[in-house]
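Hi,

Here is the structure I said I would pass on. Have a look at it, and then read on for what turned up when I went through it.

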Amino acid sequence: MVMKTRDKFIEVARQLFARKGVENTTMNDIASASDKGRRTIYTYFRSKRDIFNAVIESETDQLLGRLRHIVAQATTPEDKLKDYIDCRFEAMKEIVSRNGSLKAGFFRDVRKVDRARKIITRRETALLRDILQEGVRQGVFEISNIDHFAVVVTQAIQGLDVPYIRDNLSEEGIDKTMLKKYISEMIINSIRRR
């Protein structure tokens, strides 16, 4: 399959950002590695920030695709929620790991983390809301305000991204598998209809 020019720029930029870091990669580097002229890259992107945002959006689209697949499964809302949490943590770990030296800059620059999250948070919250609404419709979950609950859970899960990726909780005897299990149990037990 022939990669479209814009997509090729995004993939090449991702690879260069991962290897050299965002700060050390120029638009010239991206154009050259793409076998395109510098003028061509500017027909698709106004700045390095634009192409960085496109890389983040491309990565988050892959995550959202995996989460959409879970929401569409013919399983119980509880199982979907567990699978959603598991997939979410693993996919974020893969995205950050795949992006090499971008990872170091990503963790150091809170503003970059926030910008990246703004791109995905609303869509991620909407997918989680779908699972929660299904659970309420089936009488499995009891939630007073699904919209608010979905926002809080999304933010709570995102807040654990760095500790999960870095395996920080292992110092407390909590490995990644346990963390995902505890988060799932905490959420499900708080909303399960009794």
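What does the accessible surface of the protein chain come to, and what percentage of it belongs to carbon and sulfur atoms? The total is about 10,700 Å², and carbon and sulfur atoms hold 50% of that. Bear in mind that this is a predicted model.

**Confidence**

The mean pLDDT of the protein chain is 87, with 89% of the residues scoring at least 70. Helix α10 comes out highest, at a mean of 95, while helix α6 (residues 100-108) is lowest, at 53. Where pLDDT is low, the predicted coordinates should not be read in detail.

**Overall layout**

You will see 10 helices and 0 strands in the protein chain. Read from the N terminus, the elements go α-α-α-α-α-α-α-α-α-α. Of the 194 residues, 42% are buried. If you take the contacts with a separation of 6 or more, 69% are between residues 24 or more positions apart.

**The cores**

The largest nonpolar core has 31 residues, and Leu81, Tyr84, Ile85 and Leu132 have the most contacts inside it. At least two of its residues come from each of α4, α5 (77-98), α7 (110-137), α8 (146-159) and α10 (176-191). Helix α5 gives the largest share, 8 residues. Apart from this core there is another, of 17 residues, including Phe17, Val22, Ile51 and Ala54.

Leaving out residues up to four places away in sequence, Tyr84 touches Leu67, Ile70, Glu124, Leu127, Leu128 and Ile131.

Is Glu124 buried or exposed? Its relative accessibility is 1%, so Glu124 counts as buried. Beyond its neighbours within four places in sequence, Glu124 contacts Leu64, Leu67, Tyr84, Arg88, Thr154 and Gln158. Glu124 and Thr154 are 30 residues apart along the chain, and their C-alpha atoms are 7.2 Å apart.

Thr121 is in helix α7 too. It is buried because its relative accessible area is 13%, and the cut-off for buried is under 20%. With neighbours within four places in sequence set aside, Thr121 is in contact with Thr154, Gln155 and Gln158.

**Aromatic rings**

How many aromatic pairs does the structure hold? There are 3. One of them is Phe17 with Phe52, a tilted pair with 6.1 Å from centre to centre and 55° between the planes. This pair links distant parts of the chain, as Phe17 sits in helix α1 (residues 5-20) and Phe52 in helix α4 (residues 48-72), 35 residues apart. Phe17 has 0% relative accessibility and so counts as buried. Phe52, at 4%, also counts as buried.

There is a charge over a ring to look at as well: Lys176 lies over the face of Tyr164, at 5.1 Å from the ring centre.

**Two loops**

The loop between α2 (27-33) and α3 (38-44) contains Ser34 and Asp35. Ser34 is buried because its relative accessibility is 1%. Not counting residues up to four places away in sequence, Ser34 touches Lys8, Phe9 and Val12. Asp35, in contrast, has 67% relative accessibility and therefore counts as exposed.

Asp35 also has a backbone angle to check: its phi is near 60°, a positive value in a residue other than glycine. Most residues other than glycine have a negative phi. Asp167 has a positive phi too, near 60°. It lies in the loop between α9 (161-166) and α10. At 30% relative accessibility, Asp167 counts as partly exposed.

Cheers

How values were computed
Residues numbered from 1 in each chain as written. Predicted model: local features only at pLDDT ≥ 70, side-chain atom pairs only at ≥ 80, totals over all residues. Heavy atoms only, no water. Helix = DSSP H or I, 4+ residues; strand = E, 2+ residues; numbered from the N terminus. Buried < 20%, exposed > 50% of the residue type's maximum accessible area, 1.4 Å probe, protein only. Contact = heavy atoms within 4.5 Å. Phe/Tyr/Trp six-rings, centres within 6.5 Å; stacked < 30°, edge-to-face > 60°. Lys NZ or Arg CZ within 6 Å of the ring centre and 35° of its normal. Areas by Shrake-Rupley, 256 points an atom, 1.4 Å probe, with all protein chains shown as cover. Core = buried A, V, L, I, M, F, W, Y, C linked by side-chain atoms within 4.5 Å. pLDDT = per-residue confidence, 0-100.
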